[in-house]
Amino acid sequence: MATPKFSKEILDFFKKLEKNNDRDWFSEHKPEFKALEIKAKAAYKYIYENLNTHDVVDGFKLFRIYRDVRFSKNKLPYKTHFGGSFNRKKPELRGGYYVHIQPNNESFIATGFWEPNKDDLLRIRREFEQDASEIRDIISNKKFKEVWGEFVGDELKTAPRDFDKEHPAIDLIRKKQFIFTKKYTDKDVTSDQFIDDVITSFKAIKPFFDYMSDVLTTNLNGESII
């Protein structure tokens with residue numbers, strides 16, 4: 001079976017939607033969108049199936065195009081991108097993958113921990129406080145950095161409560177999210193190599209996921225909590 005791809009038609013549709021983001025226009029062009037959505041879903045499914053050759057992913061979700069405008073100042077009704085997430089099998093495996101397809105060179109993939117809950121965030125910080133050498137070895141690995149670069153995401157300006165602001169790992173401890181991203185141009189996204197590159201990039205994150213999963217399924221003594 002040939003590798004599915006994200007076609008130029010998908011990006012072109014979203015470019016038109018950006019200029020006509022209203023219900024009348026979308027209603028008229030909905031059949032076109034639904035046909036493109038089917039093709040996009042096939043690409044996301046292919047990624048999901050390939051992730052499961054080296055990980056255990058219990059499902060994927062292609063997010064709906066309709067925006068939730070109830071609490072937003074932006075009242076435009078439709079998203080101008082495809083977004084899909086892939087969740088690892090809990091409780092033993094932690095972290096997730098995300099693929100974002102948007103025109104004008106705004107596409108990217110992301111992986112890591114978007115919103116750790118209060119207990120998980122504290123557990124991660126305590127691990128870094130106790131010994132940050134292993135996580136530093138992982139994220140500073142040359143091959144890893146060539147794919148994923150540096151952490152991105154929100155962080156505190158100073159130390160969290162009950163942590164020493166002079167701690168040598170404070171740069172890690174003050175983080176609120178633990179995310180890596182990789183950006184792509186429109187030309188990249190519509191190429192025959194794009195999906196294979198996504199899969200290869202996601203495979204490269206495994207040492208980080210193995211470490212974080214071990215941290216979040218044990219206590220500071222290394223004893224299992226699941």
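Trainee: How exposed is N105, given as a relative accessible area?

Mentor: Before answering, note that this is a predicted model, in which local features need pLDDT of at least 70, side-chain atom pairs count only at pLDDT 80 or more, and totals for chains, interfaces and linings use all residues. Residues are numbered from 1 along each chain as its sequence is written, and side-chain values use heavy atoms, with hydrogens and water left out. Buried means under 20% relative accessible area and exposed over 50%, with partly exposed in between (1.4 Å probe, protein chains only), so N105 counts as partly exposed, with a value of 46%.

Trainee: Where is N105 found, and what is its phi?

Mentor: N105 is found in the loop between β3 and β4, where strands (E, at least two residues) and helices (H or I, at least four) are DSSP runs numbered from the N terminus. Most residues other than glycine have a negative phi. N105 is not a glycine, although its phi is positive, at about 60 degrees.

Trainee: In which order do the strands of the open sheet lie?

Mentor: Two strands pair if DSSP finds at least two bridges between them. β1 and β2 (residues 82–88) are joined in the antiparallel sense by five bridges, while seven bridges join β4 (residues 107–113) to β5, also antiparallel. The open sheet has five strands with antiparallel pairing, in the order β1-β2-β3-β4-β5.

Trainee: Why is strand β5 described as largely enclosed?

Mentor: Strand β5 covers residues 178–184, and T181 in β5 stands opposite A110. The strand is largely enclosed by the rest of the structure because five of its seven residues are buried.

Trainee: Within what arc do the buried residues of α8 fall?

Mentor: The buried residues of α8 are F194, I195, V198, I199, S201 and F202. Seen down the axis of α8, with directions taken from the axis to the C-beta atoms, they line one face of the helix, so the arc is 165 degrees.

Trainee: Which residues of α8 are exposed on the other side?

Mentor: The buried residues of α8 include F194 and F202. On the other side of this helix, the exposed residues are T200 and K203.

Trainee: How far apart are the axes of α2 and α8?

Mentor: Axes are lines fitted to C-alpha atoms, for helices over the stretch in contact, and angles run from 0 to 180 degrees between N-to-C directions. The two helices pack at an angle of about 35 degrees, and their contact (heavy atoms within 4.5 Å) includes I47 and L51 of α2 and V198 and F202 of α8. The distance between the axes is 10 Å.

Trainee: Is R125 buried or exposed?

Mentor: R125 is found in helix α3 (residues 118–130), and, leaving out residues up to four places away in sequence, it touches L156, P160, F163, I173, R174, K175 and K176. With a relative accessibility of 10%, R125 counts as buried.
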